[in-house]
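Please walk me through this model in the viewer, one selection at a time. Tell me what to select and what is found there.

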Amino acid sequence: MKRVDDFRLKFGQKEFVPIMIGGMGVDISTAELALEAARLGGIGHISDALVHDVSDRRFDTEFIKGKTKFYKANINNSDKSIIQFDLGHLAEATKLHIGKTMEAKRGDGMVFVNIMEKLTMNGPRETLQVRLNSALDAGIDGITLSAGLHLGSFALMAEHPRFRDAKLGIIVSSVRALQLFLRKTARLSRLPDYVIIEGPLAGGHLGFGMDWAQYDLATIVAEIAAYLKAEQLDIPLIAAGGIFTGSDAVSFLENGASAVQVATRFTVANECGLPDKVKQEYFTASEEDIIVNTISPTGYPMRMLRSTPAIGSGIRPNCEAYGYLLDGAGNCGYIKAYNEQIVIHPDGKNIVVMDKTCLCTHMRNYNCWTCGSMTYRLKDTTRRQDDGSYLQLSAEHIFKDYQFSVDNKVALPE
Ligand SMILES: Cc1cc2nc3c(=O)[nH]c(=O)nc-3n(C[C@H](O)[C@H](O)[C@H](O)COP(=O)(O)O)c2cc1C
């Protein structure tokens, strides 16, 4: 019987344990979590979502305070279109977050950053260009392009001296999305170094419509493998979404995947950025508590716990501080939904907004409990303590359980 450790992910001459910990914003996949994956010979991700805020928390910078002060006069204005990101500050925050993480890296693995296209920041092209190039400047090992088709992202980095050396990959959920990406980037003569195939059981935003349940990860992996073979393209495929045990991972590794990307199991690691009390919510969740809804202003369905405080919260849009989801015209689905409620309740009191949520603020405050479909099984990965709470695990314990376990078993902590 095989185990994950019998396989290796190869990038050129270098070999890695074929386990990637997925990027989880906002600072759920912390530098500490990503660094553990690298130390253990795999690949960890940090995320650049709300990078100014992450920098403020990690390094005592004051980017958010400064931006809020700058746009103070706009706080009561329902029109948020004047809010712009200072590109110099964006580069500085990105370089701090990534640079300090890379300085701390030990071991043979790598640290990548997850960069979501949907963070359009009221200037989609310019801000994405700064985010990508600053990540390369800061010495990141690789960039995973996510939450979007990223048709122009390679071109935005093409002049960077590290464009051909850094590992660059993309997350897709269909063969069609990959075909579009490859067609669009063909003129740059630079293939992605890896393709992550995220199925319908993943955490965070889903690359499917509300018909997500009709899709199946193994089928999509087989379709993409067949397409690449027909095109004579040799790109490592990484399967993601619902892979809960080492044995689940082995079944993908035996069927064409070069590695797996996992996240849910690590949401209850000591190194994960979620507050301890939220980790307990994940532990106690039952299968019925996990829902997929459309409250994310990005337009993608998102999986979360039913008890998420973000659902129905009618807070004032907080774009003066954040504003990461403002499209290029200064709009966001939440602002529209909130303004509609204000017309009905002009006093602004007790506003409830059901259709959308202020995702920036709620993710920042860990009040949007996004999760993977297997979250309800987390309780089976640990022990219950005398006070009734569940014991958090070390990232090393979870990583090694994926790496060495067989027979669908999960090793409990000592
Ligand atoms: C709490 C949570 C937050 C996530 N946030 C992001 C994100 O910000 N960007 C992204 O591309 N994927 C995100 N994901 C998806 C993961 O990176 C990963 O691909 C997926 O969840 C793997 O499936 P699993 O959770 O079933 O192991 C998130 C997943 C979880 C569980």
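Is the crossing of helix 1 and helix 13 left-handed or right-handed? Select both helices in this predicted model and look along the line between them: the crossing is right-handed.

**Stop 1: helix 1 and helix 13**

Helix 1 covers residues 31-39 and helix 13 covers residues 395-404. Their axes lie 10 Å apart, and the packing angle is about 45 degrees. The two helices are therefore oblique to each other. To see the contact, show side chains for Leu33, Glu36, Ala37 and Arg39 on helix 1, then for Ala395, Glu396 and Phe399 on helix 13. Sorted by class, this contact between helix 1 and helix 13 holds 4 nonpolar and 3 charged residues, with no polar ones.

**Stop 2: helix 7 and helix 8**

Next, select residues 175-185, which form helix 7, and residues 217-230, which form helix 8. The axes of this pair come within 9 Å and cross at roughly 35 degrees. On helix 7, the contact residues are Val175, Leu178, Gln179 and Leu182. Helix 8 contributes Glu223, Ile224, Tyr227 and Leu228. By class, the contact of helix 7 with helix 8 has 6 nonpolar residues, 1 polar and 1 charged.

**Stop 3: Asp355**

Now centre the view on Asp355. Where is Asp355 found? Asp355 sits in the loop that runs between strand 14 (352-353) and helix 12 (359-364). Its relative accessible area is 48%, so Asp355 counts as partly exposed. Leaving aside residues up to four places away in sequence, Asp355 touches Thr294 and Ile295.

**Stop 4: the whole chain**

Finally, zoom out and colour by secondary structure. The protein has 13 helices and 14 strands. Its radius of gyration is 21 Å, close to the 22 Å that the globule rule gives for 414 residues, so the protein is as compact as a globular protein of that length. Along the principal axes, the C-alpha atoms fill a box of roughly 65 × 60 × 40 Å.

Colouring by accessibility gives another view: 58% of the 414 residues count as buried. How much of the contact set with a separation of 6 or more comes from residues 24 or more positions apart? Such residues account for 72% of those contacts in the protein.

Terms used:
Residues numbered from 1 in each chain as written. Predicted model: local features only at pLDDT ≥ 70, side-chain atom pairs only at ≥ 80, totals over all residues. Heavy atoms only, no water. Axes fitted to C-alpha atoms, helices over the stretch in contact; angles between N-to-C directions. Helix = DSSP H or I, 4+ residues; strand = E, 2+ residues; numbered from the N terminus. Parallel < 35°, antiparallel > 145°, perpendicular 65-115°, else oblique. Left-handed = near helix turned anticlockwise from the far one by under 90°. Contact = heavy atoms within 4.5 Å. Nonpolar A, V, L, I, M, F, W, Y, C, P; charged D, E, K, R; others polar. Rg over C-alpha atoms; globule rule 2.2 N^0.38 Å. Buried < 20%, exposed > 50% of the residue type's maximum accessible area, 1.4 Å probe, protein only.
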